[in-house]
Amino acid sequence: MTHLAAGLIGYLLGSLPTAERIARSVGVSLRTEGSGNPGANNARRLGGWSLAVTILVVEAAKSATAVWIGSVLGGQSAMAVAGVAAVLGNVANIWYRMAGGKGLGATLGVLLAATPMLALIGLLVIGVLVWLIRSSGRAALGAMAVLLAVSLFTPGIALVGPWGLDTAGPLTGLVVGLSMVLAPRHLIDARMPSQTLSEDPSAF
């Protein structure tokens, strides 16, 4: 029951349409302008870096809060459930008729709260891959593959940190769950012509 509660709370937090609300407060509609994606990169293109950073921080904070609530409700495994659910709420958003963002901002918040070392590794990998292959979709898929490999074969690295998960089972469950939620959206992007993250309006 605690895991169900963690999942429901995580999903609802992740699905809150905060990005669109924040954008509308400065006269921008993420859903009807640009790529139509309610994420940080579309916000940057339409409203500048200040709007983009604000939205990214809020999206990350929502999913980090979900992870913290999961830990309070049911410990390590509930943290993982809440984190995956928060990203699912961002990607398959009930308020947007099951459409939503790309989930990377929400995933960043989950990883920062649950396994900060994996957050650092993920940011480094996706940055390098975007620079090398000039495709945000392929870079995201590559980063997911690296994080999955780390969680499976060298979980001790991922569990190093001042807070968050400290056992391998919930860590692997978290990374597998995040990959399952994120992969379908980024597979679509991966089939598009190569472009940099800054040129891709649907990256986040």
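Colleague: Which residues of helix 3 are buried?

Modeller: This is a predicted model, in which local features need pLDDT of at least 70 and side-chain atom pairs count only at pLDDT 80 or more, while totals for chains, interfaces and linings use all residues. Residues are numbered from 1 along each chain as its sequence is written, and side-chain values use heavy atoms, with hydrogens and water left out. A helix is a DSSP run of H or I with at least four residues, numbered from the N terminus, and buried means under 20% relative accessible area with a 1.4 Å probe and protein chains only, against over 50% for exposed and partly exposed in between. In helix 3, residues 40-47, the buried residues are Ala40, Asn41, Asn42, Ala43 and Arg44.

Colleague: Which residue follows helix 3, and what is its phi?

Modeller: Helix 4 is included in what covers the buried residues of helix 3. After helix 3 comes Gly48, with a positive phi near 95°.

Colleague: Which residues have the most contacts inside the largest nonpolar core?

Modeller: A nonpolar core is a set of buried Ala, Val, Leu, Ile, Met, Phe, Trp, Tyr and Cys residues joined through side-chain atoms within 4.5 Å. In soluble globular proteins, nonpolar side chains tend to be buried together. In this model the largest such core has 33 residues, and the most contacts inside it belong to Val87, Leu118 and Leu174.

Colleague: Which elements give two or more residues to this core?

Modeller: The contributors of two or more residues are helix 4 (49-91), helix 5 (104-114), helix 6 (116-133), helix 7 (136-153) and helix 9 (168-190). A second, separate core has eight residues, including Ala23, Val28, Leu51 and Ala52.

Colleague: How many of the residues of helix 5 are buried?

Modeller: The buried residues of helix 5 include Leu104, Gly105, Leu108, Val110 and Leu111. Two of these, Val110 and Leu111, are in contact with Leu174. Helix 5 is mostly covered, and the number of its 11 residues that are buried is 10.

Colleague: At what angle do the axes of helix 6 and helix 7 cross?

Modeller: Axes are lines fitted to C-alpha atoms, for helices over the stretch in contact, and angles run from 0 to 180 degrees between N-to-C directions. Among the residues that meet are Leu118, Ile121 and Val125 in helix 6, with Ala139, Ala143 and Val146 in helix 7. The crossing is right-handed, a term for a near helix turned clockwise from the far one by less than a right angle. The two axes come within 8 Å and cross at roughly 145°.

Colleague: How do the residues of the contact of helix 6 with helix 7 divide?

Modeller: Ala, Val, Leu, Ile, Met, Phe, Trp, Tyr, Cys and Pro count as nonpolar, Asp, Glu, Lys and Arg as charged, and the others, Gly among them, as polar. On that basis the division is 13 nonpolar, three polar and one charged.

Colleague: Is Glu59 buried or exposed?

Modeller: Glu59 lies in helix 4. Leaving aside its neighbours within four places in sequence, Glu59 is in contact with Thr18, Ala19, Asn90, Gly105 and Ala106. Because its relative accessibility is 7%, Glu59 counts as buried.

Colleague: Which backbone oxygen does the side chain of Ser151 reach?

Modeller: Ser151 is in helix 7, and it counts as buried because its relative accessibility is 1%. A polar contact is a pair of N or O atoms within 3.5 Å; within protein, one must be able to donate a hydrogen and the other to accept it, and residues adjacent in sequence count only if both atoms are side-chain atoms. At 2.8 Å, the side chain of Ser151 reaches the backbone oxygen of Leu148.

Colleague: At what distance does the side chain of Thr172 reach the backbone oxygen of Ser151?

Modeller: Thr172 is part of helix 9, and its 18% relative accessibility is why it counts as buried. Leaving aside its neighbours within four places in sequence, Thr172 is in contact with Ser151 and Leu152. Its side chain reaches the backbone oxygen of Ser151 at 3.4 Å.

How values were computed:
Contact = heavy atoms within 4.5 Å.
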